[in-house]
Amino acid sequence: MVSTLPPDGRAGIDAALVRRLIAAQFPRWSDLSVTPVEVDGWDNRTYRLGDHMTVRLPTAAGYVPAVDKENDWLPRLAPSLPFAVPPVLAKGEPGEGYPYPWSVRGWLPGETAARAHIDDMAQFAVSVAEFLLALQRCDTAGGPTAGEHSWYRGTSPAHYDAETRRCLAALEGRIDTERAAAVWEAALAAVWDGPPVWFHGDIASGNLLVEGGKLTAVIDFGTSGVGDPACDLVIAWGLFEAESREAFRRAVAQPAATWARARGWALWKALLVLSECVDTDEEKAEVNRRVIDAVLSDHDHCAAAPTRDRAPLRPPSTS
């Protein structure tokens, strides 16, 4: 059977390098097989190590802070969360020509959350909301304040204002830029003044694992931190639609201003990707057009968003 995996070696990382790193730093695992995972992320390269572990290596310096953050915080957060998160087993050091720290994790079974893998999308949306609310209740004491390490998720979407406006200009005539600009202005005007809470930062189908049609695990906390949780709502337009979007909205129970900022986060990313692929990758372009259309429609059908969150977010547990 011909492999559908892309050629190994992205960012200068391949299975041979991983084998050398394991042999040098964790010789007790040197007899285990090393194979690229079928669905790989961008920030890190991930390899199966035997049947029960993974090796995760940052692809660039900007992703390195996530190694210590995840190694430190995942074990603390895990007991309070309703679904599995990656077990931290070991931390590797630079070596064998690889310049960054890296990590060894326990393998979590499951498929990524494509619609075809989910039995009941509305119930799945409720499960995602349950995870987010449990994460928001986790103790924030000493947690990493949103900023550069989280790629500014958890802060105001205003950090990406200039980039968003450049994308709007580039896409003039390709999308309804007037309505999109209105969504963006509403996101900037929706002030967050709730207590800081934990956020994941990249709640998307590729970071949600499914078994038996149901959510079982959440992975990749590299953009997590403590701040505004609006960025965690973007899945409402990326994966959910109609009934499941409304089920998610009801279950996650966030104020209208938080939803306005969330629409800004979803719009920024979809505009950015669309501007990069609009003339080169029609399939990817269409996916992002659908997200933009859903965000614009959602904005149009919502009452005027308040300029501040009317109801405070749930305070984090101190227990």
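## The β8-β9 hairpin

Two residues separate the strands in the hairpin of β8 and β9, and Gly212 there takes a positive phi near 60°. The model is predicted. β8 and β9 pair in the antiparallel sense, with four bridges between them.

Strands of a sheet pair through backbone hydrogen bonds, either parallel or antiparallel.

β6 runs antiparallel to β8 (residues 208-211), and two bridges join them. Glu111 has Val210 in β8 as its bridge partner. Thr112 stands opposite Leu209, also in β8.

## A helix across the strands

Which loop holds Ala146? Ala146 sits between α3 and α4 (161-170). Is Ala146 buried or exposed? Its relative accessible area is 16%. Buried means under 20%, so Ala146 counts as buried.

Leaving aside residues up to four places away in sequence, Ala146 touches Arg153, Gly154, Thr155, Phe199 and Val226. Trp198 lies 52 residues from Ala146 along the chain, yet their C-alpha atoms are separated by 9.4 Å.

## Packing of α5 and α9

Two packed helices are described by the angle between their axes and the distance between the axes. For helix α5 (residues 177-189) and helix α9 (residues 282-301), the angle is about 65°. Their axes are 10 Å apart. The range 65 to 115 degrees counts as roughly perpendicular, and α5 and α9 are therefore roughly perpendicular to each other. Their crossing is left-handed.

Which residues of α5 and α9 meet? α5 contributes Arg179, Ala180, Ala182, Val183 and Ala186. α9 contributes Val295, Leu296, Ser297, His299 and Asp300. By class, the residues of this contact of α5 with α9 are six nonpolar, two polar and two charged.

Methods
Residues are numbered from 1 along each chain as its sequence is written. This is a predicted model: local features need pLDDT of at least 70, side-chain atom pairs count only at pLDDT 80 or more; totals for chains, interfaces and linings use all residues. Side-chain values use heavy atoms; hydrogens and water are left out. Axes are lines fitted to C-alpha atoms, for helices over the stretch in contact, and angles run from 0 to 180 degrees between N-to-C directions. Angles under 35 degrees count as roughly parallel, over 145 as roughly antiparallel, 65 to 115 as roughly perpendicular and the rest as oblique. A crossing is left-handed if the near helix is turned anticlockwise from the far one by less than a right angle, and right-handed if clockwise. Contact means heavy atoms within 4.5 Å. Ala, Val, Leu, Ile, Met, Phe, Trp, Tyr, Cys and Pro count as nonpolar, Asp, Glu, Lys and Arg as charged, and the others, Gly among them, as polar. Two strands pair if DSSP finds at least two bridges between them. Buried means under 20% relative accessible area, exposed over 50%, partly exposed in between (1.4 Å probe, protein chains only).
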